[in-house]
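This report describes selected local features of one protein model.

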Amino acid sequence: MASVTLDRVEKSYGHLAILKDISIHIDDGTFLVLVGPSGCGKSTLLRMIAGLESISAGTIGIGGRVVNDLPPKSRDIAMVFQNYALYPHMTVAENMGFALKLARTPQQEVDTKVRRASSILGLDALLNRYPKQLSGGQRQRVAMGRAIVRDPAVFLFDEPLSNLDAKLRVQMRTEIKALHQRLKTTTIYVTHDQIEAMTMADRIVVMKDGDIEQAGSPLEVYDRPRSMFVAGFIGSPAMNFFEGRITADSFVTETGATLPLPVGTDLVGRHAVYGIRPEDLSCFGDGVAATVEVIEPTGSETLVSARFAGQLWLLVLRDRIDLSPGATIALSPRLDRVHLFDKQTGLRLN
């Protein structure tokens, strides 16, 4: 196991900057998730840590040594790819042990490490099968087993679940987290799925346009997003936003409607954006009147779209409620969960 340090790392193609002054320290044993929309640079950054991409500036350290000029095989890392990358003519056991054979590891040691990895991943009954005889989830386990047998200092995962169906993704998500808790190996995981990021990570790094937008624990990022981008990207369904102006006792939207503010908000006269998450809205008791447009029951929750002040509000209700389109409800936000952002910069105000 080892810590990983990125110090002012940059990546450019000519005059096009892909990654800009990235600095991250990942403690030994941490499960860190790089999350962001497609094109934000997260996979490029992972490939640079692996040595598959050169860096334009800065330093990358693994276990206290700078690895900028080391080839991938000398960095003591193991990478799990999105497309599994298994050899079709090799059995599961042969695929898992192939890297050790290339390193001229004694066969008895290869067999021992393969059996250990297969036991951890529940692959004992599949060791003599070929990849074409496996399901998607089983192939992903084999790819993970190939990484485990190398006993690396750092695991790197590049969107490993994106080719799986929804149910299997949830199962594999749990298995990868349980694997990390068992092995306690430093892990860097890339995904565009914020649910994966929230459920798996010790720390999240949210990226946008080659920059780090925010870093912190999952709940820190969720409860106190640094910007509108983070607030809108982390959380499903996304946060509701309303533009307007802060007055002495309320928030006035651009259409003249008023919304309540937390006591002690000291930003009077400021043009801002009011944010509230769907699960922090209630439609019981006093509140502003809104008209229901769409109702989406999911079983455990009900998603309600209601129009107020010319915009749609999205609510997540966990209580069963008898509503129909056209009904009037009283929207009431939890005041301790109201977020205020600067209208120009998008940065958090409160």
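How much space lies in the largest pocket? In this predicted model, the largest pocket holds about 540 Å³ of space. It is lined by 19 residues, and those closest to the pocket centre are Ile77, Met79, Phe81, Ala99 and Arg150. Strand 6 (77-80), helix 2 (92-102) and helix 4 are the elements that each give two or more residues to this lining. Helix 2 gives the most, with four residues. The table sorts the lining residues of the largest pocket by class.

| Class | Residues in the lining |
|---|---|
| Nonpolar | 16 residues |

Valine 149 is found in the loop that runs between helix 4 (136-148) and strand 7 (154-158). Is valine 149 buried or exposed? With a relative accessible area of 2%, valine 149 is buried, because buried means under 20%. Leaving aside residues up to four places away in sequence, valine 149 touches Met96, Leu100, Lys113, Val114 and Ala117. Between the C-alpha atoms of valine 149 and arginine 129 there are 18 Å, and the two residues are 20 residues apart along the chain.

Another part of the model is an open sheet of five strands, with antiparallel pairing and the order 15-19-16-17-18. Strand 15 (281-282) and strand 18 (311-317) each have a single partner strand, so they stand at the edges and one side of each is left without a neighbour in the sheet. Strand 15 pairs with strand 19 (residues 328-333) over two bridges, in the antiparallel sense. Opposite leucine 281 stands proline 333, which belongs to strand 19.

Key. Residues are numbered from 1 along each chain as its sequence is written. This is a predicted model: local features need pLDDT of at least 70, side-chain atom pairs count only at pLDDT 80 or more; totals for chains, interfaces and linings use all residues. Side-chain values use heavy atoms; hydrogens and water are left out. Buried means under 20% relative accessible area, exposed over 50%, partly exposed in between (1.4 Å probe, protein chains only). Contact means heavy atoms within 4.5 Å. On a 1 Å grid over the protein atoms alone, a cavity is a set of points where a 1.4 Å probe fits but cannot get out, and a pocket is an open set with protein on both sides within 12 Å along at least five of seven lines; lining residues have an atom within 4 Å of a point. Grid points are joined across faces, edges and corners, and a volume is the space filled by probe spheres set on the points. Ala, Val, Leu, Ile, Met, Phe, Trp, Tyr, Cys and Pro count as nonpolar, Asp, Glu, Lys and Arg as charged, and the others, Gly among them, as polar. Two strands pair if DSSP finds at least two bridges between them.
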